[in-house]
Amino acid sequence: MESTRSKLIRLLADAKESYISGQQLSEQLHISRTAIWKHMKELEKDGYVIEAKPKTGYRIKKFSGNVSSNTITWGLNTLWIGKEIIHKPTVTSTQVVAHQAARDNSPHGTVVIADEQSSGRGRMERVWHSKKGKGVWMSIILRPNIPPYMAPQLTLMTATAIAEVLDQYDGIQPNIKWPNDILIQNKKVAGILTEMQAEQDRIQYVVVGIGLNVNQDNTEIPDAIHYRATSLKMETEKEWPIIELVQKILEGLEKEYESFLKKGFGDVKSKWENYGFRIGEMISLHSGTEKKEAVFLGIAEDGALLIESSKGEAEKIYSAEIDWFVED
Ligand code: BTX
């Protein structure tokens with residue numbers, strides 16, 4: 001159900017430059033004019049600029065670009081993801097906060113989001129640079145009723161959902177580099193880190209961390225990763241709306257998750273393969289001292305990487321260093 005606050009924003013947004021009277025708003029939202037006025041004050045606290053003209057009405061002069069649990073909630077069209085949002089200006093890592101929240105029984109779909117991370121992390125304790133106000137740095141708590149061995153499929157599902165969101169925008173053609181990097185023009189724009197707390201045959205919870213570079217300029221990407229990282233702004237030379245991106249990612253993720261539970265991984269697999277980086281091309285793999293080159297065929301039903309073996313058959317690869325012909 002759309003909240004009164006979301007409806008209010010929608011009515012103001014639909015009116016564009018014109019004013020809507022307090023009377024009209026109160027009739028449409030079935031609340032008093034004093035209540036309308038209180039809602040306007042709350043909107044201002046969250047960064048909206050509202051103009052109130054006596055005897056005429058209200059209009060929005062500027063939408064809020066400030067990330068807060070309110071600004072994400074208003075206009076968020078989901079059933080269960082993001083019904084609880086924990087927003088912090090600065091954290092060490094949203095993963096750390098989300099693990100604690102999960103241990104404290106935060107519900108399935110809880111979102112932890114920060115403006116800045118001082119120790120954002122990638123896989124294998126690598127660093128994830130998370131500049132203040134320049135990207136989406138968030139973690140989502142999931143409590144799926146699936147066996148632990150299927151958890152890696154959630155990473156592939158998340159990557160697919162993000163690629164599909166980015167694909168909606170003009171001028172952006174995302175790829176997914178197995179298993180979980182989102183690339184634009186061969187450079188990493190987003191990463192996903194899935195961490196799980198499980199017993200042998202039961203998942204207690206999963207924390208899916210998403211880092212998406214949005215509004216960094218060239219100079220705001222550290223030198224060491226300059227040649228292999230990018231942001232949406234660097235690709236398009238314009239500022240991007242972080243709140244809208246967060247909302248679209250959460251909405252896309254909810255849809256993908258529901259479909260994954262109902263229909264299984266097959267659907268995710270084919271969507272993932274639509275974006276798969278270098279599918280059909282030669283890649284080179286190293287495992288221990290063994291090194292081989294093979295054609296990358298796609299992903300298997302269980303999420304493993306599929307290559308063409310020397311006998312011409314499909315072979316599953318679960319762990320190997322892969323040289324994608326771009327720096328990893
Ligand atoms: P990864 O291990 O695949 O990628 C980490 C590597 O990516 C680093 O070693 C570095 O080379 C490069 N890198 C670091 N920062 C960036 C960046 N901002 N853009 C592009 N490349 C970068 C990928 O790990 C998973 C990242 C998940 C990040 C999210 S943010 C919210 C959540 N909280 C948290 O601490 N991590 C997750």
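**Notes on a predicted model with a ligand**

1. Let's start with Arg278, which counts as buried because its relative accessibility is 19%. Buried means under 20% relative accessible area, exposed means over 50%, and partly exposed is in between (1.4 Å probe, protein chains only). Arg278 sits in the loop between α9 (266-275) and β10 (282-287). Its phi is near 65°, a positive value in a residue other than glycine. Helices here are DSSP runs of H or I with at least four residues, strands are runs of E with at least two, and both are numbered from the N terminus.

2. A word on what you're looking at: this is a predicted model, where local features need pLDDT of at least 70 and side-chain atom pairs count only at pLDDT 80 or more, while totals for chains, interfaces and linings use all residues. Residues are numbered from 1 along each chain as its sequence is written, and side-chain values use heavy atoms, with hydrogens and water left out.

3. Lys16 also has a positive phi, about 50°, although it isn't a glycine. You'll find Lys16 in the loop between α1 (4-15) and α2 (22-29). Lys16 counts as exposed because its relative accessibility is 60%.

4. Now the ligand. There are 27 residues around it, and those that come nearest are Ser93, Arg121, Arg123, Arg126 and Asn213. Here, a residue is near a molecule or strand if one of its heavy atoms lies within 4 Å of it. By class, the shell holds nine nonpolar, twelve polar and six charged residues. For that count, Ala, Val, Leu, Ile, Met, Phe, Trp, Tyr, Cys and Pro are nonpolar, Asp, Glu, Lys and Arg are charged, and the others, Gly among them, are polar.

5. Taken alone, the ligand exposes 780 Å², and the protein buries 94% of that. These areas come from the Shrake-Rupley method with a 1.4 Å probe; for residues, only the protein chains shown count as cover. The elements giving two or more residues to the shell are α5 (94-103), β5 (135-142), β8 (187-199) and β9 (202-213).

6. Have a look at Ser64, in the loop between β2 (57-62) and α4 (69-73). Ser64 counts as buried because its relative accessibility is 10%. Its side chain reaches the backbone oxygen of Asp46 at 2.5 Å, and a polar atom of that side chain lies 3.1 Å from the backbone nitrogen of Asn66. Leaving aside neighbours within four places in sequence, Ser64 is in contact (heavy atoms within 4.5 Å) with residues including Thr71 and Ile243.

7. Lys292 is in strand β11 (residues 290-299). Lys292 counts as partly exposed because its relative accessibility is 27%. Its side chain joins that of Glu315 in a polar contact of 3.2 Å. A polar contact is a pair of N or O atoms within 3.5 Å; within protein, one must be able to donate a hydrogen and the other to accept it, and residues adjacent in sequence count only if both atoms are side-chain atoms.

8. One more backbone item: a cis peptide bond joins Trp178 and Pro179, with omega about -5°. Pro179 lies in the loop between β6 (174-177) and β7 (181-184).
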